[in-house]
Amino acid sequence: MVSTRTRRYIIAIVLTFIAVTAIDRARVMESSESKESFDSQEIKCAIVLENDMYSNDGLNTGFNYELLNQFAKTAGRDLKIVTAHKGENYLDSLKEGTVDLAVLPPSVAEDHDELMVSIKTGDNSVWAVRKENPNDIMAISSWISYYEKTPEYSDARERFFNAYDPHAKSKSSHISPYDSLIRKYAGVLGWDWRMLAAVIYQESRFSINSRSGRGAAGLMQVMPSTAEYYGINDLTDPEENIKVGTMHLERLQEMFDDEDMDSKEKVLFTLASYNAGEGRIADCRALASVRGLDKNKWEEVVQVIPEMRIDSILKEECVRLGKFQGHETISYVDSILNIYSRFCAICPA
């Protein structure tokens, strides 16, 4: 007797065979099948892989995010994507019809008879729709079958799944899946693009699904309030996240424009401010100045941070925000400099 799991995969494969053999590959990209699938102009998608910067396949969410955007473009549809975090599965939303499509691990999809699934995308994911929507799964599977034969798909797989090894000694043609975006926005700061890449690696390991306990989200771990300040709405979108993170870095960096500070020191203080907040770093610089140290040199300002941790600091008039532990910020700046050095060693400018 054929199992439910096997039957659903056979259906997906048969539908794919029918779609792909009925028309040539060029027409799949522009076929009416994809345009006639899905009932509304907007496709609502949930990526339910729950991976983040600490998981073994943390970039799979980003890979499927990119594929979904390509599919929607082909289908002539608008797209809304949400990503699930731990404790969120969106399966009820899919079954109830408030979500049109969910990206799931195959092991999760096979446990739900009411779903139909596509052929695999990435290393460990499938796209699932409700079983009463066979046109949708046919459009999806035919498109995936075509797209995985294109240079664009090969490039995406290389970028997302040929994972960066920070300890690698061999040269590499890329650092992350988002090198082109990082190069674009690093220019706004006047930075070597590999320095901005180091910041993003430190913040999220290039995983768009990363989220901190405080609510910071996405590639550059931006707080929603910060995004709102800069007029950005979608922190999952890689370009939007890098854009807002860079805008914030630029604003922080501009705070040091009137200081007698060289460009390297300006980068270090900008990084420290991105991690701790500009007010905390202003307090540290003020205390360094009171102690006869150079407030424009990061190494000298670091010397007063241990004093910022003790109760007596509350008596210092120059310190406005109170005690500051500072361990994390010192480690943060050091880590980014180390990552940047490795990036420079393995990837050409």
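Tyr 90 sits in the loop between β2 (78-83) and α5 (91-96). Helices (H or I, at least four residues) and strands (E, at least two) are DSSP runs, numbered from the N terminus. This is a predicted model: local features need pLDDT of at least 70, side-chain atom pairs count only at pLDDT 80 or more, and totals for chains, interfaces and linings use all residues. Residues are numbered from 1 along each chain as its sequence is written, and side-chain values use heavy atoms, with hydrogens and water left out.

- Most residues other than glycine have a negative phi.
- Tyr 90 is not a glycine, yet its phi is positive, at about 60°.
- Tyr 90 counts as partly exposed because its relative accessibility is 25% (buried means under 20% relative accessible area, exposed over 50%, partly exposed in between; 1.4 Å probe, protein chains only).
- Arg 205 is not a glycine either, and has a positive phi of about 55°.
- Arg 205 lies in the loop between α10 (193-204) and α11 (224-229).
- At 32% relative accessibility, Arg 205 also counts as partly exposed.

**The sheet**

- Five strands form an open sheet with mixed pairing, in the order β2-β1-β3-β5-β4 (two strands pair if DSSP finds at least two bridges between them).
- β2 and β4 (115-117) are the edge strands, each pairing on one side only.
- Neighbouring strands are turned by 30° against each other on average, direction ignored (axes are lines fitted to C-alpha atoms, for helices over the stretch in contact, and angles run from 0 to 180 degrees between N-to-C directions).
- β1 (residues 42-47) pairs with β2 in the parallel sense, over six bridges.
- Ala 46 has Val 82 in β2 as its bridge partner.

**Helices on the sheet**

- α4 (residues 60-75) packs on the sheet and touches β1, β2, β3 (101-104) and β5 (126-130) (contact means heavy atoms within 4.5 Å).
- The direction of α4 makes about 165° with that of β2.
- α7 (residues 134-147) also packs on the sheet, touching β3, β4 and β5.
- The direction of α7 makes about 165° with that of β5.

**α4 against α8**

- The axes of α4 and α8 (residues 151-161) come within 9 Å and cross at roughly 160°.
- That makes α4 roughly antiparallel to α8 (under 35 degrees counts as roughly parallel, over 145 as roughly antiparallel, 65 to 115 as roughly perpendicular and the rest as oblique).
- Residues of α4 in the contact include Phe 63 and Leu 67; among their counterparts in α8 are Phe 160 and Phe 161.
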